[in-house]
Amino acid sequence: MNVNKPLESLNVFRFNGIQMRTFHITWFTFFVCFFGWFGLAPLMPAIRADLGLTKPQVGNTIIAAVSATIFARLLVGKLCDTWGPRKTYTALLVLGSLPVMLVGLAHDYTTFLLFRLAIGTIGASFVITQFHTSMMFAPKIKGTANAVAGGWGNLGGGITQVAMPLIMAAIVGLGYTKPEAWRLAMVVPGVMMLIMAFVYYRFTKDTPNGNYGDSSVELEKGGYSANKGEKIIFGKAISDVRVWALALAYGCCFGMEITFDGVAALYFFDNFKMEETQAGFWAMLFGGMNIFARALGGIVADKVGNKYGMRGKGILLASMLLLEGLGVILFAQAGSLPMAIASMLAFALFLKMSNGGTYAIVPFVNPKAVGMISGIVGAGGNVGGMLMGFLFKSQSISYSQAFLYIGCIVAVVGVLLFLVNFGKAVVIEPTEAELQTA
């Protein structure tokens, strides 16, 4: 085996070699980023009481948490293609840790909203994780590797639902009030992000063969780092209907995931009259599905792709989205806690498998613009989350009604996706004539 080439298999129990070391560091870094990104969500009952937030104001903070990520993901996708994932992730971790640690300085709605908006940029970490994993693994295993890395990283969105209320409770046990405790609790994920910034810069490489800037790595990048070539490839990427179909699909699966991460604890807290730690536990079950469900989606997509090609992967993705939508509809109409939990786990399975299935297709749409397309599709997930957030801020729409509307939309998108052919050929490289005329 050539140690400087992408791996053709994924053994998650291996830690040696730059490919597997990078794999484990990148998924765990994404896990830590989720702590910073959604650490406030399970603390919202205490924050709402402390700052006197109304339902529309809570809804605005949910929207803010995902909207800044849209632009951050587009920028980060381009930086991965040009600057490299190692430096890009390090910079994002350092800059993103600041609003996480300083959000405790907010003592009114406006300031809290601005901090929540700044914290939202951390969500761009996903694009770097998927890009970096794609660089480390061969085509036949990219879908599985991306899904496992993304799923284990997303698991942070579930663990934080339990961990942050426990951290806050421990601080209260030391004699602090709840308004003081939630502020101090947010220092923890910020410090974790700074630690991972050092680890990422010190122990990963951009590619199996080295870092961007090395002559050998420039050859791996395909020689299109010049602005002319980049613009042509970007133009071809954004004119491909498959890119926008994937962005729409990701808006329905990952968009729903981050929306649910943001409202789940509040939903259980209000609807079933429980403490923050109890509500956080049930919300954690949703995120906990990531330990296997997103990976399962990538594994199944790779197997389907090996047998039926990209067209088969597209049909699989459409099917999972349809089932996700139907599951959300059931959840919206659940009248008891057991039914709510059962239907939540059902739609969570198909949602997270859809996440993995989407990024089992992304690296193959245009291999010369993986970062760009990862950024566009990733941003699509946050656009979906932002639009869903508007439903949860409405005074006239209950949370249950919002889930019902979302379920119907996701099911319709799933049906429409059956019409998209992800297996069609596309010219991905700029021709000599295009380079000369650009």
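Predicted model: local features only at pLDDT ≥ 70, side-chain atom pairs only at ≥ 80, totals over all residues.
Biologist: Why are helix α13 and helix α15 called roughly parallel?

Modeller: The axes of α13, residues 276-288, and α15, residues 337-358, cross at roughly 25° and come within 9 Å. Angles under 35 degrees count as roughly parallel, and therefore α13 and α15 are given that description.

Biologist: Which residues of α13 and α15 meet?

Modeller: From α13 the residues are W282, L285, F286 and G287, and from α15 they are L337, I341, M344, L345, F347, A348, L351 and K352. Divided by class, the contact of α13 with α15 has ten nonpolar residues, one polar and one charged.

Biologist: What makes α3 roughly parallel to α6?

Modeller: Helix α3, residues 55-82, packs with helix α6, residues 125-136, at an angle of about 30°, and their axes are 8 Å apart. Since the limit for this term is under 35 degrees, α3 is roughly parallel to α6. The crossing of α3 and α6 is right-handed.

Biologist: Which residues in α3 and α6 meet, and how does their contact divide by class?

Modeller: On the α3 side R73, V76, G77, C80 and D81 take part, and they meet F126, V127, I128 and F131 in α6. The division for the contact of α3 with α6 is six nonpolar, one polar and two charged residues.

Biologist: Are C33 and C252 buried or exposed?

Modeller: Buried means under 20% relative accessible area. C33, with a relative accessible area of 1%, is therefore buried, and C252, at 5% relative accessibility, also counts as buried.

Biologist: Why does T90 count as buried, and what does T90 touch?

Modeller: T90 is found in helix α4, residues 85-102. Its relative accessibility is 14%, and with the limit set at under 20%, T90 therefore counts as buried. Leaving aside residues up to four places away in sequence, T90 touches A197, Y200 and Y201.

Biologist: What makes M164 a buried residue, and which residues does M164 touch?

Modeller: M164 lies in helix α7, residues 139-173. The relative accessible area of M164 is 0%, so M164 is buried by the criterion of under 20%. Not counting residues up to four places away in sequence, M164 touches F35, G39, P42, L43, A185, M186 and P189. For M164 and A185, which are 21 residues apart along the chain, the C-alpha atoms are separated by 6.9 Å.

Biologist: Which residues of helix α8 are buried, and what covers them?

Modeller: In α8, residues 178-185, the buried residues are A181, W182, R183 and A185. What covers the buried residues of α8 includes α2 (44-51), α5 (109-119), α7 and α9 (187-203).

Terms used. Residues numbered from 1 in each chain as written. Heavy atoms only, no water. Axes fitted to C-alpha atoms, helices over the stretch in contact; angles between N-to-C directions. Helix = DSSP H or I, 4+ residues; strand = E, 2+ residues; numbered from the N terminus. Parallel < 35°, antiparallel > 145°, perpendicular 65-115°, else oblique. Contact = heavy atoms within 4.5 Å. Nonpolar A, V, L, I, M, F, W, Y, C, P; charged D, E, K, R; others polar. Buried < 20%, exposed > 50% of the residue type's maximum accessible area, 1.4 Å probe, protein only. Left-handed = near helix turned anticlockwise from the far one by under 90°.
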